[in-house]
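Please work through each task with the structure open before reading its solution.

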Amino acid sequence: MGLSIIFKAVELLHIKGYLFMKKTRGRDKPLPRFKALKASMSLVIIMAILASAGTLTIVYSYVSDAPDSNPWLLHSSFSSRVYDRYGNEIAALYGEQKRLEIPLEDVPLHVQNAFIAVEDERFYEHIGIDFLAIARAFLANFRQRSWTEQGGSTITQQLIKNAYLTREKTLNRKVKEVWLALKMEREFSKSEILEMYLNQIYFAHGAYGVEVAANSYFQKKAGELTIAEAALLAGIPRSPNFYSPFVNFEAALQRQALVLKKMNELGFISQEQLKEAMEQEIILADPPTREYPFPYFIDYALHNELVGILSGLPQFGSRKEVYEAIYNMGLKIYTTMDAGIQSVMENTLSDESLYPQNQRVDMALLKQLLDSGNYDHYPEEALAEDGIPQPQVAAVAADPATGEVLALVGGREYGKDNQDLRYLSPRQPGSAIKPIVTYAPALEENLVTPGYIVDDAPFHRGDWAPENFGRRFLGLVTVRESLAKSLNVPAVKVFAQLGPRLGLEYAKRMGLTTIHPDDYNLAATLGGLTRGVTAWDMAQSYAVLANEGIKVNLHTIKRIEDRNGKVLYEHRRKPEAVLSPQTAYLVSDMLKDVVLRGTASGLKAGRPLAAKTGTTSDNRDAYLITYTPEIVVSFWMGHDIQRMGRIPGGSRDTIPFMNIILPQILEAFPPSDFTMPTGLIGPVNICRKSGLRPGPSCPEEDIVAEIFPAEQVPQDTCNLHVSLRICRSSGLLVGNYCPPGEVERRIFLYRPPFERTDERWRGEPGRGPEDAALLPPWEYCWQHTWWRRYRFW
């Protein structure tokens, strides 16, 4: 278009010149004065046309490559918000820009007027550009001999510049800015433009938009700002990093005063309001940080779950687009977190007085030292006052019925160098694995019952000879007693009867994800796993027991919406029956005995509670998993580098933590117990040495009440306890010549044969089951015979 105008002008000039020459050809006299003037005017007009055409050409070239008007860009880069299970906002996520979009009706009029007064006082009058402001800027630039120092930009122009254009100060960008501003004023109302502007402007410290600025500087919502506070905020965008009150408080107050006076001049506030605002003391919040609360929970929810969910949605084509959405699209992320429970667990796990020992370690230096030497304790030079505390902990709390994770703690003292989500770090579980890989599967396969008898006597496979924790063998015990006392040998024998492959397959179905091909051996039931287990997986597995055998996958994300409230994702539970309700109940009922009289007897919850402890060799790791029908809590304690330290009391050192956590968590739930399903019968009295109905010779202390599947209730009477006549003097069976006064009846136990320990066991050789002392004598009394009796006479 511009070139065609130029060609037309040149053609016209050529014609005029030709006619002029033709008329004067052959004349000797000069042209009259008015004809010369006419020719001069023609030349001026032609030059003006040429200049205009050139300007239009330049302007056209600038405008032609201006970006298209894209409404999405005017609302881009808004912070996503994270909510707890009750819909309370707990964090705002942002990349380099933190934004929270609010509608204009939520911004008080005095806040709107503060920005209009200082940035664009004729906002409601101009068409996108303010010619008076441009003239003022032109004169200022002329005096400074620069055409780019001041621009007289309107609010509309500033919005265009922020959304579409670069920050460069050139004529090219300014032309595009004016063009797009005029176009925007035709497409949007003044209210829409002002709303977008107030949600876009920058206030320093990563804060974009008036809502975030109000929160960052005053810990308020925009709707709660006073006139004085609004004026201070309105003064910041001119030069955010200079006028930030966190950086230059006095300059910010001077700028605030200018804004207030301008508001008064324009009639936005009265003289009295001006005086009151000038006298109001400005009280700032603490400078904002990029940290968010509950990082151990939010880090998992975002990076381990949210990313995977969004990656599966068709609108996000790459991982980069997923993270862009998380930090810049204003998503609403509704989590399963209970902020109260999360706070209780974080505060408790941060209490140094609960730890058996406290050391602070420079982990980076320690790793360097370990590369050059072999240490089994912390070298003195690795200890540092500002180091990472050891031992560390991890905890997971979840609702077993819904799979909703209520709290996650990955350690203590979260920080730049201490962000490990330790509930995802595999560590050896010790005896805490027994109900998962052994007893629950064996019950499910009808191989054992809680009253089933296992011989806690020396046992070996080749050179492998397991021992109990106290180096004792108790002899014949029920499965219930074995589990309550966390006996190793009975667990190994039941696991051998079940078969490692079947037991570990059940464990995987219940939730263990770290099973290794090398784990299919008898040591697995004692926690001897190649990789170990995670606190997360232990919570998942025990949740199956708490939820009547139904597995519901643990999760932290309930729902995701875009910033307009459209649901992008909603969690759908997919329950899976892994165990029968009868098996789940029987295991839970046995684990209640762990609390009442077993290895977790120090737990105090004031209600029925199931639990299992686990301590590894040399007390390197300690686990405690507790649960009720409403909640399951998995807890681990150990050192980040396992061989560097021990937990002196093993799993007993975890109990003080749980005694603080559980009562506070459970106070929200009425006391309840596990409900016995149909198909079970109990209590049924049995002999705890034979597993059969009590006989006349069974001692009272050996008669216990037990629960059985209906088809497995014992019918026979105990045949192991016997009452025999014994000579008091010899302790042997009564002979024919024992005096009546030396004869008494004693109860004995016909227990099965057993072997005694040798060099394959760690403890002293020659040990056998303790109840072997109850075996009856096989000899008759030799002290009282006929010849001794005759000699006496």
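**Exercise 1. Salt bridges**

Determine how many salt bridges the model holds, and describe where selected pairs lie.

Solution. Step 1: apply the rule that a salt bridge is a side-chain nitrogen of Lys or Arg within 4 Å of a carboxyl oxygen of Asp or Glu; the count comes to 34 salt bridges. The model is predicted, so local features need pLDDT of at least 70 and side-chain atom pairs count only at pLDDT 80 or more, while totals for chains, interfaces and linings use all residues. Residues are numbered from 1 along each chain as its sequence is written, and side-chain values use heavy atoms, with hydrogens and water left out.

Step 1: K275 forms a salt bridge with E279, with 2.8 Å between the closest N and O atoms. Both residues belong to helix α12 (residues 271-279) and are four residues apart, about one turn of the helix; helices (H or I, at least four residues) and strands (E, at least two) are DSSP runs, numbered from the N terminus. K275 and E279 are both exposed, where buried means under 20% relative accessible area, exposed over 50% and partly exposed in between (1.4 Å probe, protein chains only).

Step 2: R422 and D640 form a salt bridge, the closest N and O atoms being 2.7 Å apart. R422 is in the loop between β9 and α17 and D640 in the loop between β18 and α23, so this pair ties together parts that are 218 residues apart in sequence. R422 counts as buried at 4% relative accessibility, whereas D640, at 24%, counts as partly exposed.

Step 3: E352 and R360 meet through their side chains in a salt bridge (3.0 Å, N to O); E352 is partly exposed at 36% relative accessible area, and R360 is partly exposed at 22%. A network of salt bridges links R480, D589, K592, D593, R597, D673 and E706.

**Exercise 2. Packing of two helices**

Characterise how α3 packs against α7.

Solution. Step 1: compare the axes, which are lines fitted to C-alpha atoms, for helices over the stretch in contact, with angles running from 0 to 180 degrees between N-to-C directions. Helix α3 (residues 109-119) and helix α7 (residues 190-200) pack at about 90 degrees, and their axes are 11 Å apart.

Step 1: classify the angle. The two helices α3 and α7 are therefore roughly perpendicular to each other (under 35 degrees counts as roughly parallel, over 145 as roughly antiparallel, 65 to 115 as roughly perpendicular and the rest as oblique).

Step 2: name the residues. Q112, F115, I116 and E119 of α3 meet L194, Y197 and L198 of α7.

**Exercise 3. Backbone features**

Solution. Step 1: inspect omega. The bond from Q390 to P391 is cis, with omega near 0 degrees, and P391 is in the loop between β7 (388-390) and β8 (392-398). The bond from G682 to P683 is also cis, with omega near 0 degrees; P683 lies in strand β19 (residues 680-687).

Step 1: inspect phi. Q219, a residue other than glycine, has a positive phi near 55 degrees and sits in the loop between α8 (210-218) and α9 (227-234). Q219 is exposed, with a relative accessible area of 55%. E413 has a positive phi near 65 degrees and is partly exposed at 40%.

Notes. Contact = heavy atoms within 4.5 Å.
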